[in-house]
Structure formats: C-alpha cells, structure tokens
Amino acid sequence: MAKKKEKEAIFTPIGIENGKNGQVEKSVDLPDPTDKSHKDLGLSDDDVINMFEQMFLQRRFEERAMQMYQKGKFGGFLHLYIGQEAVSTGTVHALNDDDDIITAYRDHGWGLMRGVSAKEGMAELYGKATGCSKGKGGSMHFANVEQHFWGGYGIVGGHIPIGGGLAFANKYQENNRVTATFFGDGAVDQGALHETLNMSQLWKLPCIYVVENNGYSMGTAARRHTVNEIHERAKGYGMKSAVFNGMDALTVYENMKEIADEVRKDSMPWFVEIRTYRYRGHSMSDPQKYRTKEELEQYQKVDPVERMKTYLLDNKIAKKKDIEKIQERIEDEVLEAIDFAEESDFPGDEALYEDMFADTPHFHDRK
Amino acid sequence: MAELQFREAIRDAMDEEMARDEKVFLMGEEVAEYNGAYKVSEGLLDKYGFKRVIDTPISELGFAGIGVGAAMNGLRPIVEFMTFNFAVLAADQIINHASKARYMLGGQLNTPIVFRGPNASAGQLGATHSVAYDSMYAQFPGLSVIYPSEPDDAKGLLKSAIRNDDAVLFMESEQMYGMKGEVSDEEDYIIPIGKGKIKREGDDVTVVATGKMYHIAKQAANQLAKDGVEVEIIDPRTIKPLDIELIVESIKKTNRCVIVDESHPFGGLASEVGFLIQREAFDYLDAPVRRVTLPDVNAPFSKPLFDLWLPDAKQVIDAVNTVTYRN
Ligand SMILES: Cc1ncc(C[n+]2csc(CCOP(=O)(O)OP(=O)(O)O)c2C)c(N)n1
Ligand SMILES: [Mg+2]
C-alpha cells in the first residue's frame, strides 16, 4: 500500500462509485422539449407518422441485431444507438436530402435514415457481400454515399475534420449544401475538434458540428472526461452554438431546421450539443458498472420512440390499430432483413483485393 | 513458476515497479475506475490510488505528450493506449518528441517512458483497428520496440522497459490477454531488452516469429513435426534492438529460414531480418528466405476475408515446405 499523505494530488475527477462528483449531471439536465406541435413546425401528419416508423425501425433493427450477435451470428463490435433515435430522425427530416451527414461508429440509425435498407444494414453486420459496404466495414462502417451519408468511422474524432472537408467542398462548389458532422461527448476531447472548429470559423465553412452527448464515453461520465459545458466551447471560437433536448424528435427537428436554414444563408458554422442517452452498454461487452439502474430508468421514462407514439395517439394523428399495423410491418421488415442477411453470400476471395484503389491497383509482393 | 494469464503478468510487472519506485505511474483511457478496457490494470487503482492510476480523456496526442513532459521532468510514466491503432493520433509525441528530444538537446534530458497496449488485429474489428505497428516504430531511431509472445517474456521485459531510461514501446494483444503460461517467480524477474529466445529447438528450418505470430508458428511447428520436419522457433521478443545473432546462429544449423510477421510486407520486420540474413548467413542458406506477412491490403470486416487476410499456420507450413523443397 502506498503511503497516504494528508492531501494526495489527484488528477481525474473521481467517479460514481468513489464519490459524488462523477454523476452525469449534464445529461440528467435535459433541456425542456419544444412545446410546439408538429403543425406549428410545418410538419404534416404523415411526416410525424413517418418519424415514428423510422424510429421504431431503428429500434427494432438494433434489438434484433443484438439478439443475432448474442447468438453468435456475426462478430466484431456492435455499438447500439438505442435511446438516441430522435437525434438521427429529427435531423434527417430537418435537412435537405442532399445535405451531407457523417458520424462515428454508432451509425446504424443514421444509415437506416439515409437509404440503407434494413436488409443491406443487417447484411453488413453479417459481413455479407450484399451489405451496404459489401461486408468490408461491418457495424462501424455503414454508409450510403449516394444519399449523402458519408459513413460511420471508428477512430474517435477522426471524422470531425472530414466533416469540415465535406463542407469545404460544398462551399468551393457553391452548391448550397449544408454538412452535419455528428460525434460523441468523448470525441470533444480530441485535438482534431479544436483545429477543425478554428478553421471552420476562419474559413466560414457551412457545417454544423453536433455533439451527441449521451452522458458517457465508454465507462467515463462526461463530467469526468471533459470540463465545463460542452456547448460553451463555441465561445472560444466566436462560433454560434445551441444546446437542446435530444430525446424528442420534434425538438431536434425544430432546432436543426432553424440552424440548417441559417447556415445555408450565411455559410457560418455552428457548434451544437444535443443531450441524449444511450440505453445499452457502450458495446456488447460492457458490464455497465459505471451507472445505476435508477439512472437508466429515469431516462427510459423519456424514451423517444414511446414519446412519439404517445404524441400520435394523444393528438389523434393515428389510432392504436394504425400503430400496431406499423409495428407489425416493421417487425416483418426486420425479420426479412435477417433472413436476407443469413441467405446472402459472403464476399468471394477475390474481394479481398477489391476496392483498394480507384486508379490502377498495386499490391506490394502479391503472390 | 506460477501459471499466469498474459494480463496478470503485465499487471504484476507494473505492480512491482510501482511498488518499487514512486515515480512510476499509469495513465490511459479507462485504466482506473473501469479497471482497464481489457482488465490489465485491475486492482491497481485500489492499491495505488487516484494519484498514480489516472483515467484520461480520449486525447491520445495530449496524454502521450503529457507523459513525455512528465518523463523529462523526473517521472517514469506508463502510458496505456487502448490499442496502438489509436496511438496513431499520438505518433507526433512518440516519433517527433520522445525519440528525438534527448538527441536534439545534446543529451540534457531523458525520456524514461513506456507506451504500452495491444497491437495489431483482434478479430473482425475492421480496417482502422487491425494494424500491426511494431515494424513502423522500429523505423525510428531512439525507440525500443517490444512485442512479447508469452506471459513470462511479458513480465520480465515490461519490468526492464519501465526501468529503461529511454522511450520504449511495449506491445500486447487483446487476443493474448487471457492466454496462460508459466511465469518465473524469481524475485525481481528481469529480461534484458534485445535478447531473443529459442522457443523450440529443431534442425530442419528456422522460423522467426514474435507476438501473436509466435503462436501461429508454434501451431505450424507441431503440425510439421508429425511429418518429421523439426522447426526451430526463434522469438526475437524485441523488434528493436533486434537479436540478429541468435537468428543467424540458428540458420547456421538449419540452413533455412521462414519469417512470420504480422505487419504488411513493405519494409517490415520480415524484410529487415531477411536482409540481415542474406548479409550475415548467405553462405549457410540452402534456400531463399521466405516470409509470411499480411497482404498489402487493409483489414476487411467480413469473416472469410479476414481469415484469408491474417497469416495462419497453413501459410507457415507452405513456406516451410517451400524452403525445405517439400512442395
Ligand atoms: C482515437 C480513439 N481512441 C479510443 C477509441 C476507443 N473508443 C471507442 S468509442 C470510445 C468512447 C467514445 O465515446 P463518445 O465519443 O462519447 O461516443 P459514444 O460511444 O458515447 O457514442 C472509445 C474510448 C477509439 N475508437 N479511437
Ligand atoms: Mg458518449
């Protein structure tokens, strides 16, 4: 045992099990959702029904994927987006279809919202040739570039400057597209963010940098890994910023729409913190000892999918029967996706050397 | 001898060195309260407290550099990377600073720091999580690179690394952490950096392999023994400094050599060892040296492609059959 001094130098703030200052105060502190109705926001009944369907699809896709993973149907990492679906859903409705989106490895929901079918998504998880990235990427690398979803990336913070680069090219080509770059609270600590924010403000890049603050970076509460309020980082760059509730799709829609409209007008970047929560572990091997059951339950009470369902029912936009029908249809869609993934072929051996080069391929010492 | 898991051997080495020297501390992502992403540092927080077992943000460049500065200023940091695949972000501190500062300043300071963590691939984790970096770091003057294959090597070498007054990269593997092996229970067990080991004796062919590849070589050797081919396995254990003498000695006996290297083929351990063999043992060779490496292709996710990509025992057997003209 090391000798204990009266006052030991301590570096990282101490966490949940060892003291009080590790609690996820920031995430607990969810800003209020919007009190506007979907009509106030310019959304039709069909739009919000659609939002519910999409959120339910993301949820069921991942719940089933988790089951298949546990059955050993596929390997690798599996980071679930469950709990955060309002962010992808509200955002994609707020942006134009040709606005660009890029995100980290927690990317299934984003893919499903941007044209990756449940079949192509599930097949990618299985590493099949029919997957959205031909089985080359797996869970962390969903993408649909044709529909301006530039993919999921596995190096924390690595894709933040790339988001800036997408915006740079849009400005260069004067096409009036907005880029939205999503990353976790953990990625805020990477130097790449600092460099990118500075250049984005300096060069007036039409990009929205969005932190999906889900309270944790793996097993580390936001409070223990980053200082101050995240959204206040923007001040240092003189950048416009916002912080809002990410458990309500309408709130996300309202804010992202206003911000995107403004970016389109003045080509100035934004730094946005969306507060949300991940219900599952960081990935499949996480025992989740860093949080309490009570905390998790508190957030499950504001489940974004349930919330939208209640909204549809309360406002008589859909009847219970309609909802059940939608749910059944999506349940089938996901089950069909599993069949499709299971029945699809793995890539052939020749695929190992495919997709490496756009120009003349070259492989050192290939036998 | 005690039977220990790889992770326990690493932990014991850190534990013993932390107990021995108050200047030694550990920092990295999830090393403290989570007890290590791969439970390598389990129990160290309880024993040494928050001052010496420090959770860092995901700021590889920053905390690697803070480690280098702390090392210059009198401490002996152990910096854990969740994998060396993420240490790419810290490469500036390792390559431009840890390895060069002493020389640039005419020897006025030291950088006694250990960068450690898993290296290379660990199953289907995709292109950005699967690269072997041992050969790359060995390119740079001023760095030692260790990639042990068994718990005993890990313990003795890590203790040496922590006591070394220069920057050392110590590489592990997610897939080896649970692997058990006999570890010397000699008090203060130290293995000098730069000494290889004959892990299996044989007369017919020398196979050079370290880290995870040693186990592939061993599988191949067991298989080949059934066919009457006796493989001598040399585990250099440290990529740099490299124990080329031990390899050359073995080749003088076997006259044939296969190198198994987890890196891509261009300019890696295999190419360097191959070059040195032709220079030092040209007259002893009965066949051109062969190597088994990754192909010059990124890691694919899909299981069958991944299996095709990663060196396996069959490829080693093929190479041995080629150099022994049994093909
Ligand atoms: C550069 C780098 N360092 C470490 C990791 C390992 N890692 C993967 S995800 C993660 C936590 C990231 O948390 P956050 O940014 O909050 O995203 P979330 O997982 O909550 O969506 C860590 C440490 C990595 N992938 N890349
Ligand atoms: Mg997070």
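Are α3(B) and α4(B) roughly parallel or roughly antiparallel to each other?

Guide: This is a predicted model, in which local features need pLDDT of at least 70, side-chain atom pairs count only at pLDDT 80 or more, and totals for chains, interfaces and linings use all residues. Residues are numbered from 1 along each chain as its sequence is written, chains are lettered from A and ligands numbered from 1 in the order in which they are written, and side-chain values use heavy atoms, without hydrogens or water.

In chain B, helix α3 spans residues 60–72 and helix α4 spans residues 91–98 (helices are DSSP runs of H or I with at least four residues, strands are runs of E with at least two, and both are numbered from the N terminus). The two pack at an angle of about 30 degrees, and their axes are 8 Å apart (axes are lines fitted to C-alpha atoms, for helices over the stretch in contact, with angles from 0 to 180 degrees between N-to-C directions). α3(B) and α4(B) are therefore roughly parallel to each other (under 35 degrees is roughly parallel, over 145 roughly antiparallel, 65 to 115 roughly perpendicular, the rest oblique). On the α3(B) side the contact is made by B:L61, B:A64, B:G65 and B:V68, and on the α4(B) side by B:D92, B:Q93 and B:A98 (contact means heavy atoms within 4.5 Å). Sorted by class, these are four nonpolar, two polar and one charged residues (Ala, Val, Leu, Ile, Met, Phe, Trp, Tyr, Cys and Pro are nonpolar; Asp, Glu, Lys and Arg charged; the others, Gly among them, polar).

Next, the metal site. A:D185 (OD), A:N214 (OD1) and A:Y216 (O) coordinate the magnesium ion (ligand 2) at 2.1 Å (donors are N, O and S atoms within 2.8 Å of the metal, 3.2 Å for Na, K and Ca; water is not among the atoms, so sites may look incomplete). Along the chain the donors follow the spacing D-x28-N-x1-Y. A:D185, in the loop between β3 (179–184) and α7 (191–203) of chain A, and A:N214, in the loop between β4 (207–213) and β5 (216–217), are 29 residues apart and link distant parts of the chain.

Last, the backbone. The peptide bond between B:K240 and B:P241 is cis, with omega about -5 degrees.
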